[in-house]
Amino acid sequence: MKTLDYFTSRRTIRRYSDRPVSDELLTSLLERASHAPTTGNMQLYSVIVTRSKEMKERLAPAHFNQPSVTGCQVLLTFCADHNRFVKWCEASNAVPGYGNFQSFMTAVIDTVIYAQQFCTIAEMEGLGCCYLGTTTYNAPMISDALGLPSLVVPVVTLTVGWPEGESEISDRLAPEAFVHNERYHDYTPESVKAHFAEKEAREDSARFIAENGKETLAQVFTDVRYTREAAEHFSKVYLAEILNKGY
């Protein structure tokens, strides 16, 4: 596949075949991804590889039992990790000071960049991947299952495997909806509706509205998929986990 074709036609894959992902291929992907940009070359991330049926089933409730968790060949949990770097500093007669919010965000940025680099390389090799947005919802459950120590916090999870069948290409806003020249130009009600018009006109959007008994696609997001109550609850859960891990 040509590089341009990959970026304009990539799909999120949630259904996987029984074809195994070899240890050799996975190791190669993880190594190649490690050449992604990182803050100060500190590489403030770790990735937990889950292959066993038992561990996938243990982690599944933390991801609201999404079928791709137990159906994938490999489940990868990417974690913000200052633990390794702090221990290296302490073993090298240096005094680290990384138990703070700025350091946590630095590690989060490193982690997300590494995860996306892995995802891109894996998909260009023909594998399918799906980000699970539930990692930050139930981080304490994941930390417990994976035995994560202080200064190690789960950030994102990827399901990985060889695709089973086709999936649709997700719609995306046009660049003019999110690119701002020189300074931020705020949206008017008219301009923002124009940017979302194509998304709202899709057949699947109409189906989501009807299935959920709503008037607009925006209401599906605010009232059903990502509610204020859920966001506030899981914000407290994740913040407590971050503080519990020493940041």
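What follows is a walk from the whole chain down to single residues.

**Before you start**

This is a predicted model: local features need pLDDT of at least 70, side-chain atom pairs count only at pLDDT 80 or more, and totals for chains, interfaces and linings use all residues. Residues are numbered from 1 along each chain as its sequence is written, and side-chain values use heavy atoms, with hydrogens and water left out.

**Stop 1: the whole protein**

Show the cartoon. The protein has 11 helices and 4 strands. Helices (H or I, at least four residues) and strands (E, at least two) are DSSP runs, numbered from the N terminus. The radius of gyration is 20 Å, close to the 18 Å that the globule rule gives for 247 residues, so the protein is as compact as a globular protein of that length. That radius is taken over C-alpha atoms, and the rule is 2.2 Å times the number of residues to the power 0.38. Along its principal axes, the C-alpha trace spans about 60 × 45 × 35 Å.

The accessible surface comes to about 14600 Å², and 55% of it belongs to carbon and sulfur atoms. Areas come from the Shrake-Rupley method with a 1.4 Å probe; for residues, only the protein chains shown count as cover. Of the 247 residues, 38% are buried. Buried means under 20% relative accessible area, exposed over 50%, and partly exposed in between.

**Stop 2: the largest core**

Which residues have the most contacts inside the largest nonpolar core? Select Phe 78, Phe 104, Phe 118, Leu 127, Leu 158 and Val 160. The core has 37 residues. A nonpolar core is a set of buried Ala, Val, Leu, Ile, Met, Phe, Trp, Tyr and Cys residues joined through side-chain atoms within 4.5 Å.

Next, colour the elements that give two or more residues to this core: α2 (23-33), β2 (74-81), α5 (83-91), α6 (101-124), β4 (152-161) and α11 (228-244). The largest share, 9 residues, comes from α6.

Zoom in on Phe 104. Leaving aside neighbours within four places in sequence, Phe 104 is in contact (heavy atoms within 4.5 Å) with Ala 80, His 82, Val 153, Tyr 238, Ile 242 and Tyr 247. Then move to a second, separate core of 16 residues, which includes Cys 79, Cys 130, Ala 145 and Leu 146.

**Stop 3: Thr 77**

Select Thr 77, in strand β2. Is Thr 77 buried or exposed? Thr 77 is buried, at 0% relative accessibility. Not counting residues up to four places away in sequence, Thr 77 touches Ser 46, Val 47, Ile 48, Ile 142, Leu 146, Pro 154, Val 156 and Thr 157.

**Stop 4: Ala 230**

Jump to Ala 230 in helix α11. Ala 230 is partly exposed, with a relative accessible area of 30%. Draw a C-alpha to C-alpha distance from Ala 230 to Cys 89: the two are 39 Å apart in space and 141 residues apart in sequence.

**Stop 5: two asparagines**

Most residues other than glycine have a negative phi. Asn 41 has a positive phi, near 60°. Find Asn 41 in the loop between α2 and β1 (45-50). Asn 41 is exposed, at 61% relative accessibility.

Finish at Asn 93, in the loop between α5 and α6. Asn 93 also has a positive phi, about 60°. Its relative accessible area is 78%, so Asn 93 counts as exposed.

Key:
Buried < 20%, exposed > 50% of the residue type's maximum accessible area, 1.4 Å probe, protein only.
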